[in-house]
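Please open the structure in your viewer and keep the selection tool at hand.

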Amino acid sequence: MICKKCGGELHYIDGAYVCQSCGVNISIADYYEDIDAFICYIESDSAGRRTKDSIIAQKIYHNLESKKIKTFYSRISASDLFGDELQVVCNSAIEKSKAIIILGSQKEYFEVLISKYSDFFAQKVVIPVYIDMDAYHMPKNISTVQALDYNKIGADADLTKALLRALNREEELTYEQLSKKNSNKKVIIIAIIIAILILASAVALYLILKEKGSVSETDNLNSTEAVTEETAPEDPNLSLYNEAIAFMENEEYEKAIINLSQLSGYKDSDKQLQIILEKYAGYYKNDDTSISFHLQILSGNTATIEISSIVNEKRIQISESSQISSNKISIDFNDSENNQGTIMIEFKDKSIDMSIKTETANSDTYINDINISFLTDEKSDKPFAEQIDQETLLGFVKSRTTLRALAQKSFDVVFDTELSRSGVPSRYKIKNTDIYFSVYNYDISKTDSYYGDSETNVDDSIVFGVCAPASLIIPEYIGESNAAFVEDDILYVPNGELSQNYHVIEFGIPENIKKGIINENTSVCFTSRSLIGDRHFEELVDYYIGSDKSNNNITESPNVWCPNCKYGFFTTGVGIDGFTCSQCSCNWLPMCYICHNENAVSIKSTDSDMFTCNLCGQEWTP
């Protein structure tokens, strides 16, 4: 983020942007007060991968910015934010915007965006843009609006026109059209003049030669016939094409690309070129330089690249797109730390050669100039997950960890889902892994409130629970009973949440803590005493293990849960008077003498001896 006053780097602190150079404090509302267009889109799919929608949104962003249409595209406009902070900024930007572009490649994506942003649509121009789908499949509540098919030729121009009209800037559109018309007229006039000069030169040369006797009418006719019937030259494009196919068969891809790049529109050369380029698409990494690289090849010989590098324990990211010229790509970049430079990429037979040169360093953290080669036979079709071991996972609960700290430590953490309608808590995950975090925007160790309060709210959301496969966090317990246990003041709950009565450290994972055996893929939720506080920790231990905690011995897990407050405990049987909950004093029996449904629970009235079934509603007495 750039300071509008001095051009320095802005950091998001306590709900506002603070310039690291001049110290100016800028509120979110003020920073985004001049937004013309806001792009709504889905950034990541269910697997955490960047969507096609995000790539198209970036292309639209650059196009509109080049037309001086101030546009908000979260991946660039708020690249240093995530989670609740990112949502606050997005809400502020969309509220200030004059027009909204809602972009989607699937009906489901549109539905999510409408659910999330529809409250902002009133009194704004909303332009739906759809990709690779039928307009009839768009949600009904926006299908009546004139939607734009981005797959059609001229879609960028149509979108620009629509926005300029919405912004009452039609005069810019008229000027641009007039400039193009004048330019076209000049081109036509110049072409006509050149054609006349060429024709005049040819006639003059013919007359001179005829006067000297070098040619005759008959000779000229015979010469034409000879060229037409006997000595017609071979098609140079065919020779180039055949040579390219031979190069492909010999896996000499660099030469094949160079040949096919000269044959646009000839036979199926465009298709063959696309086939070769897609062989380079994928995920690459180089452990020596800590650089990872993702290449996508789009139609029209367009490439999108994402580069990630760890510098001074901080992740720097570059995301850009560019046209491919022959077997090379040249890109001007602006990275996540606001450093600028150039990237040169060259496709070789068995590798991708890359050079990165940072020309303007606006931060102490930047990628040093480097030349690197990625072997194509070492690429992956899926992103590379971070190498995370048991010690790393335990570190998340042994000391307080925030979302911002995770990002600074180079973990690629993405928002996964809200675990309640209020968004408290939220679930995040490390991209492309089965490692989840239960995250709160208040300090749960200091309050019993489910929603927190002004005194316990925090600016940087805190991780209070972690869930990971048993193979990572407790490999030594694989093959043993899946009962909960405590070790070194850390509570481990295999196949279960970290839930206790009024207080919940949720993960949205179906709880199944019946007797069983821990296997490699068993989900294990864990938290620590130091993280959630003594009282909450003791309550969770009582809930999952029981009162016998001497020497951290494992006791029986709960097998009965209160139907009123959901508190659980272990029991070996039930008497005629039923169970009494130690938390809410509810009295109940896990049965019904009337409907005999095995899932029935009957709760005793507080002012009589009658039990009421939760399924059939009938009252009865034991």
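What follows is a tour of selected helices and loops in a predicted model.

**First stop: helix α4**

Select residues 83-96, which form helix α4. The helix has 14 residues and reaches 20 Å from its first C-alpha to its last, close to the 20 Å expected at 1.5 Å a residue. Now colour the buried residues of α4: G83, E85, V89, C90, S92, A93 and I94.

**Second stop: helices α10 and α11**

Next, select helix α10, residues 236-249, together with helix α11, residues 253-261. Two packed helices are described by the angle between their axes and the distance between the axes. For α10 and α11, the angle is about 155° and the axes are 8 Å apart. Because angles over 145 degrees count as roughly antiparallel, α10 is roughly antiparallel to α11. Their crossing is left-handed.

Display the side chains at this contact. On α10, the residues are L240, E243, A244, F247 and M248; on α11, they are Y253, K255, A256, N259 and L260. By class, the contact of α10 with α11 has seven nonpolar, one polar and two charged residues.

Since angles under 35 degrees count as roughly parallel, α10 is roughly parallel to α12. The crossing is left-handed.

Here Y241, I245 and M248 of α10 make the contact with S269, Q272 and I276 of α12. By class, this contact has four nonpolar, two polar and no charged residues.

Move to T365, in the loop between β15 (351-360) and β16 (370-375). Is T365 buried or exposed? T365 counts as buried, because its relative accessibility is 11% and the limit for buried is under 20%. Leaving out residues up to four places away in sequence, T365 touches V311, N312, K314, I316, E337 and N339.

**Final stop: E480**

Finally, select E480, in the loop between α15 (470-473) and β22 (485-487). E480 is partly exposed, with a relative accessible area of 41%. Which residues does E480 contact, leaving aside its neighbours within four places in sequence? They are G516, I517 and I518. To finish, draw a line between the C-alpha atoms of E480 and G516: these residues are 36 apart in sequence and 8.2 Å apart in space.

Conventions:
Residues are numbered from 1 along each chain as its sequence is written. This is a predicted model: local features need pLDDT of at least 70, side-chain atom pairs count only at pLDDT 80 or more; totals for chains, interfaces and linings use all residues. Side-chain values use heavy atoms; hydrogens and water are left out. Axes are lines fitted to C-alpha atoms, for helices over the stretch in contact, and angles run from 0 to 180 degrees between N-to-C directions. Helices (H or I, at least four residues) and strands (E, at least two) are DSSP runs, numbered from the N terminus. Angles under 35 degrees count as roughly parallel, over 145 as roughly antiparallel, 65 to 115 as roughly perpendicular and the rest as oblique. A crossing is left-handed if the near helix is turned anticlockwise from the far one by less than a right angle, and right-handed if clockwise. Contact means heavy atoms within 4.5 Å. Ala, Val, Leu, Ile, Met, Phe, Trp, Tyr, Cys and Pro count as nonpolar, Asp, Glu, Lys and Arg as charged, and the others, Gly among them, as polar. Buried means under 20% relative accessible area, exposed over 50%, partly exposed in between (1.4 Å probe, protein chains only). The expected span of a helix is 1.5 Å times one less than its number of residues.
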